[in-house]
Amino acid sequence: MKIFVTGGAGFIGSAVIRRIVADTDWRVVNIDKLTYAGNLQSLEAIAGDSRYRFVQADIGDAPVMAALFADEQPDAVLHLAAETHVDRSIDGAAPFILTNIIGTWSLLETTLAYWRKLDGERKARFRFQHISTDEVYGSLGPTGLFTEDTPYKPNSPYSASKAASDHLVNAWHHTYGLPTIVTNCSNNYGPYQFPEKLIPLTIVRALRGEELPVYGKGENVRDWLHVEDHAAAQLAILERGSIGATYNIGGGNERRNIDVVRAICAQIDAIAPKTAPHEKLIRFVTDRPGHDLRYAIDATRLKREIGWQAPTGFHAGLKQTIDWYVSNRRWWENVLSGAYRTERLGLVKG
């Protein structure tokens, strides 16, 4: 098979591409606009592989995308291209509307035109798999889990834009017959994550001896999913998922944000004992506007229909992640030397 991965230079997209090259004989085309979070250094290990091609392009550029479809003739699209950071969406929603909504619409139109021209067998096996987030469901109370039937209630510009893209994908299936699948995942963590998210931000700042900001009192709860597990789930769903279905992907690792930060501090204490205890660096800061209290995924359908569940426990996954950031300082120092310098985002101004 030949797979298009949009947003393949991003955190999750690059993990999916590395997994495809390592575990399959498929060919993969990485389509990425290379905005601030796109980093080709995350793909250095497979950049020279004959089954991999990188194309710098905007999914919303219909003529360019149509030409690429005609030239490469893909068997599936894994659509990960998106603006993803909630705080950035609060500071400025326009890129989220343009990429996540308008870009997805344009890509669906291009894909539909291509799919309609395929012959019987190739047309039957084609898939458009849209990778989304559990944030579309809104906020949970202290109990309960998100299922695939949970009503949508997005609370941030980011989650609203992803909810819109989910609805577009489902509409293109039900209206036009495009063979689509939607996945909604819980919070990802692991190597190569852009250091504005909680876990890599805390690791990097702790290693540099800088203050560790925690929103509010750190009581917000997230279900953590290792990115390599997520990549494996995406390929399993691509191979065995049902057309028109939605699958929730969770790690089964609920943690309060403050407990995650303290766990990172404890592990870095052992790595850098001279600057321990790193908990002294924790600073509680003004909470994010509209900060959802809790997310948690019920991944029963994924286990029942696909036979897959996340194998990585949080303690082991966090240790592996911290070890990676310690051993790959060049990667994150190169990131921090660019536009992003761990500045505070997401505060409503005026």
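Is Glu44 buried, partly exposed or exposed? At 46% relative accessibility, Glu44 counts as partly exposed, a class that lies between buried (under 20% relative accessible area) and exposed (over 50%), using a 1.4 Å probe and protein chains only. The model is predicted, so local features need pLDDT of at least 70 and side-chain atom pairs count only at pLDDT 80 or more, while totals for chains, interfaces and linings use all residues. Residues are numbered from 1 along each chain as its sequence is written, and side-chain values use heavy atoms, with hydrogens and water left out.

**Strands**

- Helices (H or I, at least four residues) and strands (E, at least two) are DSSP runs, numbered from the N terminus.
- Strand β4 (residues 76–79) is covered on both faces: Ala76 and Leu78 are buried on one side, and Val77 and His79 are buried on the other.
- Strand β1 (residues 2–6) runs parallel to β4, joined by 4 bridges; two strands pair if DSSP finds at least two bridges between them.
- Strand β5 (residues 127–133) also pairs with β4 in the parallel sense, over 4 bridges.
- His79 is the bridge partner of Thr6, and the bridge partner of His79 in β5 is His130.

**A buried aspartate**

- Asp87 lies in helix α3 (residues 86–91) and is buried, at 4% relative accessibility.
- The side chains of Asp87 and Arg288 are joined by a polar contact of 2.8 Å.
- A polar contact is a pair of N or O atoms within 3.5 Å; within protein, one must be able to donate a hydrogen and the other to accept it, and residues adjacent in sequence count only if both atoms are side-chain atoms.

**Salt bridges**

- Side chains of opposite charge can pair when their charged atoms come close.
- The structure holds 25 salt bridges, each a side-chain nitrogen of Lys or Arg within 4 Å of a carboxyl oxygen of Asp or Glu.
- Glu228 and Arg18 form a salt bridge at 3.3 Å, N to O. Glu228 in helix α8 (residues 227–240) and Arg18 in helix α1 (residues 11–23) are 210 residues apart.
- Within this pair, Glu228 is partly exposed at 23%, whereas Arg18 is buried at 13%.
- Glu44 forms a salt bridge with Arg330, with the closest N and O atoms 3.3 Å apart. Arg330 is in helix α12 (residues 329–336) and Glu44 in the loop between β2 (27–32) and β3 (52–56), 286 residues apart.
- A network of salt bridges links Lys2, Arg53, Asp71 and Glu72.
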